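Hello,

Here is the structure I promised to pass on to you. Please have a look at it first, and then read my notes below.

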Amino acid sequence: MRAIEITQPGGPEVLRPCERPVPQVKPGEILIRVLAAGVNRPDVFQRLGQYPVPPGASDLPGLEVAGEIVDGDLTGSGFNKGDLVCALVQGGGYAEFCTAPLAQCLPVPKGFSAVEAAALPETFFTVWSNVFQRAALGEGETLLVQGGSSGIGTTAIQIATALGHRVFATAGSADKCRACEELGAERAINYKTEDFAAVVKELTNGKGVDVVLDMVGGDYLPREIDCLADDGRIAIIALLGGAKANVDLGQVLRRRLTITGSTLRPRPVAFKEQIARELRERVWPLLEARRIKPVIHEVFPLADAAAAHALMESSAHVGKIMLNVAAA
């Protein structure tokens with residue numbers, strides 16, 4: 001099969017086309033003929049040598065795919081060979097075939113293309129597990145999304161808005177802010193020209209937001225604490241701004257704040273299965289009704305994965321960057 005491998009740690013140029021054997025299905029897995037795959041920040045970190053591959057996972061990059069089921073034990077799953085699914089995987093998505101735990105597969109929403117479906121798993125699993133499970137965004141509560149124009153950000157804005165929450169977001173340009181507001185953010189804040197903490201407090205009449213979805217870390221954390229409501233929660237999912245921060249723990253104590261974080265890739269299948277069940281129940285109907293949809297910035301052929309990574313690292317995109325694996 002055709003695939004893209006990481007030849008050594010380095011820049012996008014280390015991504016090279018190769019031929020690999022079709023992966024063998026293990027118990028609890030299915031084999032998918034991949035039609036499309038998503039490009040995500042963890043793929044970039046893996047390429048740089050900063051994100052180790054979990055034991056037993058493919059060394060090929062790619063954490064989400066959509067395609068046709070061609071093999072595997074489907075007993076009791078409701079799926080059949082030939083069905084179109086999208087799946088969260090631990091690696092191996094940049095290839096013509098990929099194995100996936102059956103429990104981490106979801107049907108392609110009605111009316112969705114393979115590219116649209118492949119844009120769902122990584123961001124939707126991440127947002128649901130962090131915003132709605134760990135941070136427990138509840139009825140009537142408000143959300144601040146850092147990096148609102150990213151794949152994660154565009155997903156978080158749409159899901160939270162569709163479920164009735166006030167959402168604010170940050171982004172790095174007027175165009176990106178406008179895109180966030182078009183997706184449902186009540187106010188998008190240009191972090192290069194505005195103090196997001198001050199704006200959030202003004203918009204909430206001094207109360208602050210209940211939940212912050214943070215992919216920055218670093219010096220953002222004390223400002224996020226400053227704009228949290230009492231009993232507020234910060235869910236950290238990445239550290240693009242650095243792993244160290246000076247935190248006023250007095251505020252954490254006095255105002256009963258929670259700072260939590262997680263990474264999705266190493267979590268067990270049973271954990272991801274629960275997320276998949278909740279997504280299918282709560283979010284898939286919103287997708288099929290087109291109340292929310294993935295925002296896709298650009299689609300590259302599989303052979304151009306290096307160009308896709310270069311775009312990801314430029315941060316010039318809004319939404320998802322995708323690979324059309326079915327394209328010649």
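This is a predicted model: local features need pLDDT of at least 70, side-chain atom pairs count only at pLDDT 80 or more; totals for chains, interfaces and linings use all residues.

Residues are numbered from 1 along each chain as its sequence is written, and side-chain values use heavy atoms, with hydrogens and water left out.

Helix α11 itself covers residues 305-314, and its buried residues are Ala305, Ala308, His309, Leu311 and Met312. They sit on the same side of α11, because their arc around the axis is only 160° (taken from the directions from the helix axis to the C-beta atoms). Buried here means under 20% relative accessible area, exposed means over 50%, and partly exposed is in between (1.4 Å probe, protein chains only). Helices (H or I, at least four residues) and strands (E, at least two) are DSSP runs, numbered from the N terminus. Among the elements that cover the buried residues of α11 are β1 (2-6), β2 (15-19), β3 (29-39), α1 (41-47), β14 (296-301) and β15 (320-324).

Now to the aromatic rings. Rings of Phe, Tyr and Trp (its six-membered ring) pair if their centres lie within 6.5 Å; planes under 30 degrees apart count as stacked, over 60 as edge-to-face, and the rest as tilted. By this rule there are two aromatic pairs. Trp128 and Phe132 are stacked, because their ring centres are 4.6 Å apart and their planes are at 25°. Both belong to helix α3 (residues 121-134), where they are four residues apart, about one turn of the helix. Trp128 is buried at 2% relative accessibility, and Phe132 is buried at 15%.

The pair of Phe196 and Tyr220 is tilted, with 5.2 Å centre to centre and 40° between the planes. This pair links distant parts of the chain: Phe196 is in helix α6 (residues 196-203) and Tyr220 in helix α7 (residues 220-226), 24 residues apart. Phe196 has a relative accessible area of 1% and is buried; Tyr220 is buried too, at 11%.

Which residue touches both Phe196 and Tyr220? Gln146 does, and its contacts (heavy atoms within 4.5 Å) also include Thr170, Asp214 and Glu224, leaving aside residues up to four places away in sequence. Gln146 is in the loop between β8 (142-145) and α4 (151-162), and it is buried at 0% relative accessibility. Its side chain makes a polar contact of 2.7 Å with the side chain of Thr170 (a pair of N or O atoms within 3.5 Å; within protein, one must be able to donate a hydrogen and the other to accept it, and residues adjacent in sequence count only if both atoms are side-chain atoms).

Two arginines sit over rings as well (CZ of Arg, or NZ of Lys, within 6 Å of the ring centre and within 35 degrees of the ring normal). Arg265 lies over the face of Tyr51, 5.2 Å from the ring centre, and the charged end of Arg290 is over the ring of Phe112, 4.2 Å from its centre.

As for the whole protein chain, it has eleven helices and 15 strands. Buried residues make up 55% of its 328 residues.

Best wishes
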